[in-house]
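Reader: I would like to go through this model with you. Could we begin with helix packing and its terms?
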Amino acid sequence: MTRAIFPALKRPSAIPGFGLALGFTLTYLSLIVLIPLAALVLRSAALGPAEFWQLVTSPRTLNALRVSFVCSLIAASINVVFGFVMAWVLVRYRFPGRRFVDAVVDLPFALPTAVAGIALTALYSRNGWIGSLIEPNGIRIAYTQAGIVVALTFIGLPFAVRTVQPVLEDIRRDLEEAAATLGASRAQTFLRVILPALVPAILTGFALALARAIGEYGSVIFIAGGRRDTEFAPLLIITRLEEFNYSAATAIGVAMLVISFIILLTINLIQAWSRRRFGSG
Amino acid sequence: MAEATPPKHSARDVTTEGPVVRVVLIAIALAFAALVLILPLIVVFTEAFDGGLGTYFASLSQPDARSAIRLTLIVAAISVPANVVFGLAASWAIAKFEFWGKSFLTTLIDLPFSVSPVISGLVYVLLFGAQGIFGGWLDAHDIDIIFALPGIILATIFVTFPFVARELIPLMQEQGTEEEEAAVSLGASGWKTFLFVTLPNVKWALLYGVLLCNARAMGEFGAVSVVSGKIRGMTNTMPLQVEILYNEYNSTAAFALASLLALLALLTLALKTVLEWRFGDRITGANGH
């Protein structure tokens, strides 16, 4: 019986160690990731639909989710525009310092978020290098939602650059030459030949930056300050936990998980669509 | 002869933009990089050395700072190897065998990257916290997980979970199974095949993964902040100690400690760049860039 089922589940192989490797992988994955996440879902299921809905739609929770979502959307949009310019410049042009800039793009991945957070706050607060320039002109960034956008832009930039960069490197130059030969202006070639091929990568970069920004905590907490109108979703989870209000923390956590999964699903759909349209993702 | 020397300025390259557009785009990219990436980095160091070298080293040798550094090193020393073992096992299973549910398993491994760090901490509080599922049992047996070292390690392992595996899986998939099959057919045991055939083939990708995993493990803030309880000198990692100092308006000390983390980030970036230059094809596979 088992022999009949087994070949269907695993193709025979001469290499040993499958059972041990897969067994360890599944055990470790379950213990570290799956069971803890299941605990979150179970805990929120135990609340019952009515209480869960009431917790998620309370004005303070809705406001925090809105702050997180709107600021993340703005930051991801900024990243898409400037990330595209950076990817373009890094791939297409040669200039002094290009390799340095290319390496530094990954700084937000490597720099601990708390360090980025206090550095940005120091820059944009009233006495900071940038804050002291703009605050006399009536622009406040630190301790406002604009500050949250600044921090989320820092965090999301590498996603926008690194998804577009490899696709741009692989674009066939002869297509551009063909377009030029056929009489297209450079702008037409860009809009009609180059950009369409980059759209899936740009959208993926946007979605990745957005997903990262919505969950971000460390770089935002300092520049957001402790005000009610800059209270973002991960901060509200921590506040609820400190009040030992596990139910509320759980409900917000699940709401955020749902948002991330929708974004993740969207990324997969974009990539499937891109594979259908361009042959390979 | 006229035909021997090609014209100095050939016809304008049709696959690039005019010089003005190019200069403007480069200027925008450099300005944005300077504003968003470089300036925050510079601020960390100028603030750290604001009070001079003496103050800098005095802040770093404070007992609380030293205990935070020690804790961060302990946490990384446990969570990084744990994820290396996992990454090797997962990539061996996924890359060297064909089995049902493989792509779903790969998706699950990436799951921690799409979860907010705060939620990564929250899930362990729900399991092991005072009001958590196992909270009563743990309390009765006097075992501390939340607000103690085990919780910090668990949360760190969670957030750094995919780093090693996701570097190794695509590379090992591309390398295929021929070399391992040859080794096994010549009589090598599974362990020998792994140690002398597979491991040397993926060592640079492994190092790359370890580098990224370690940077995140030492710098993680959100997840650790939820489970640590922030007990000074006890459960404060470096990023948490930075937060406490900063909130106490002890900015210079906060930035001094932060500068160590920034140095770690710069070191990570430098090593990563060197690895990409020297061994790019052996990290991302021949098709990578």
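Author: A crossing is called left-handed if the near helix is turned anticlockwise from the far one by less than a right angle, and right-handed if clockwise. Helices (H or I, at least four residues) are DSSP runs, numbered from the N terminus. This is a predicted model, in which local features need pLDDT of at least 70 and side-chain atom pairs count only at pLDDT 80 or more, while totals for chains, interfaces and linings use all residues. Residues are numbered from 1 along each chain as its sequence is written, chains are lettered from A in the order in which they are written, and side-chain values use heavy atoms, without hydrogens and water.

Reader: What is the handedness of the crossing of α2(A) and α3(B)?
Author: The crossing of α2(A) and α3(B) is left-handed.

Reader: At what angle do these two helices pack, and how far apart are their axes?
Author: Helix α2 (residues 18–47) of chain A and helix α3 (residues 63–96) of chain B pack at about 130°, with axes 8 Å apart. Axes are lines fitted to C-alpha atoms, for helices over the stretch in contact, and angles run from 0 to 180 degrees between N-to-C directions. That angle makes α2(A) oblique to α3(B); under 35 degrees counts as roughly parallel, over 145 as roughly antiparallel, 65 to 115 as roughly perpendicular and the rest as oblique.

Reader: Which residues make the contact?
Author: Among them are F18(A), L22(A) and Y28(A) of α2(A), and F86(B), A90(B) and W92(B) of α3(B). Contact means heavy atoms within 4.5 Å.

Reader: Turning to the largest nonpolar core, which residues touch the most other members?
Author: Of its 189 residues, these are M86(A), L111(A), Y124(A), I109(B) and F255(B). Such a core is a set of buried Ala, Val, Leu, Ile, Met, Phe, Trp, Tyr and Cys residues joined through side-chain atoms within 4.5 Å. Buried means under 20% relative accessible area, exposed over 50%, partly exposed in between (1.4 Å probe, protein chains only).

Reader: What is I109(B) in contact with?
Author: Leaving aside neighbours within four places in sequence, the contacts of I109(B) include L29(A), F86(B), A90(B) and F161(B).

Reader: Is T113(A) buried or exposed?
Author: T113(A) is buried, with a relative accessible area of 12%. T113(A) lies in helix α7 (residues 113–124) of chain A and, not counting residues up to four places away in sequence, touches residues including R212(A), E216(A) and F221(B).

Reader: And where is L264(A)?
Author: L264(A) is in helix α14 (residues 246–278) of chain A and is partly exposed, at 27% relative accessible area.
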